[in-house]
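Dear colleague,

I am handing over the structure below, and my notes on what was found in it follow directly after. Please read them with the coordinates open.

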Amino acid sequence: MNTVALKEAGAALAAESARFAALGWMRGTSGNLSQTLSRDPLRLAVTVSGRDKGELGEQDVVVVDADGAAVADQPTPQARPSAEAGLHARIARVAGAGAVVHVHMLAPVVAAQRWPQGVVLRDLEMLKGLQRSAHDDEMTVPVVANSQDMSVLGDAFEAGFDPATPALIVARHGVYVWGRDLQQARHRTECLEWLLQFKLATEQR
């Protein structure tokens with residue numbers, strides 16, 4: 001276990017959590033963020049469960065394996081990861097993500113309620129923020145039914161996975177967005193929120 005890398009990841013995850021909490025996207029103790037530490041074996045640093053995400057410190061992370069289970073070889077083996085760590089790990093493995101953001105902003109949940117087969121976004125400049133074209137491009141953000149079983153959610157994610165669409169909405173729950181690192185994942189989350197707000201404001205069905 002590289003404790004220096006883990007400390008740096010913890011500090012970065014705490015800073016991003018505070019940013020999202022200030023936006024109202026991680027209310028209460030909801031939401032979780034992760035950063036990939038290694039690929040072989042797959043290891044992720046994930047924010048701890050049950051803590052106010054605006055008040056995390058660099059120590060408030062748990063190292064999990066490819067199934068989202070806490071590994072024994074870490075500074076805080078007693079810390080508990082969210083059950084959702086399993087989906088973070090699945091996204092990291094399938095999409096090759098370096099970081100995953102899971103927040104509970106309202107726009108994706110409302111959009112999924114309105115368009116349960118997927119939320120179509122097209123011909124918008126802000127699509128560039130998700131590395132798409134601004135014109136003559138169409139991106140469908142997949143929507144999957146909520147479940148407390150991360151293997152069910154993971155299977156649904158993988159079944160509809162498009163490498164060019166770095167986001168997944170879980171109906172009546174929240175959104176997952178990923179990128180090569182935490183900064184890109186944050187930028188994509190911010191841009192997706194704008195796109196969904198525009199969609200909701202300008203289209204009824």
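In what follows, a residue is called buried if its relative accessible area is under 20%, exposed if it is over 50%, and partly exposed in between, with a 1.4 Å probe and protein chains only. This is a predicted model, in which local features need pLDDT of at least 70 and side-chain atom pairs count only at pLDDT 80 or more, whereas totals for chains, interfaces and linings use all residues. Residues are numbered from 1 along each chain as its sequence is written, and side-chain values use heavy atoms, with hydrogens and water left out.

For orientation, an unreviewed UniProt entry lists residues 11-200 as "domain: Class II aldolase/adducin N-terminal"; such positions are given here in the numbering used in this message, feature names are shortened, and annotations may be inferred rather than shown by experiment. That span is 32% helix and 23% strand, and its end C-alpha atoms lie 35 Å apart. Helices (H or I, at least four residues) and strands (E, at least two) are DSSP runs, numbered from the N terminus.

The sheet is open and has seven strands in the order β3-β2-β1-β4-β9-β8-β7, with mixed pairing, where two strands count as paired if DSSP finds at least two bridges between them. At its edges are β3 (61-64) and β7 (143-144), each of which pairs on one side only. Strand β7 runs parallel to β8 (residues 167-170) over two bridges, and V144 has V170 of β8 as its bridge partner. Helix α2 (residues 85-95) packs on this sheet, touching β1 (32-39), β2 (42-47), β3, β4 (99-103), β8 and β9 (174-179), and its direction makes about 135 degrees with that of β2. Contact here means heavy atoms within 4.5 Å, while axes are lines fitted to C-alpha atoms, for helices over the stretch in contact, with angles running from 0 to 180 degrees between N-to-C directions.

Helix α2 is mostly covered, since eight of its eleven residues are buried, among them L87, H88, R90 and I91. After α2 comes G96, which has a positive phi near 70 degrees.

Leaving aside residues up to four places away in sequence, the contacts of I169 include P108, V119, V141, V175 and L196.

Twelve salt bridges were counted, each being a side-chain nitrogen of Lys or Arg within 4 Å of a carboxyl oxygen of Asp or Glu. One of them joins the side chains of R186 and E16 at 2.9 Å, N to O; because R186 lies in helix α5 and E16 in helix α1 (residues 3-22), this pair ties together parts that are 170 residues apart in sequence. R186 is buried at 12% relative accessible area, and E16 is buried at 9%.

A salt bridge also links R93 and E158, at 3.9 Å from N to O, and since R93 is in helix α2 and E158 in helix α4 (residues 150-159), it ties together parts 65 residues apart in sequence. Here R93 is partly exposed, with a relative accessible area of 48%, and E158 is partly exposed at 34%. E203 and K199 form a salt bridge as well, with their closest N and O atoms 3.0 Å apart. Through shared partners, salt bridges join R90, R93, D155 and E158 into one network.

With best regards
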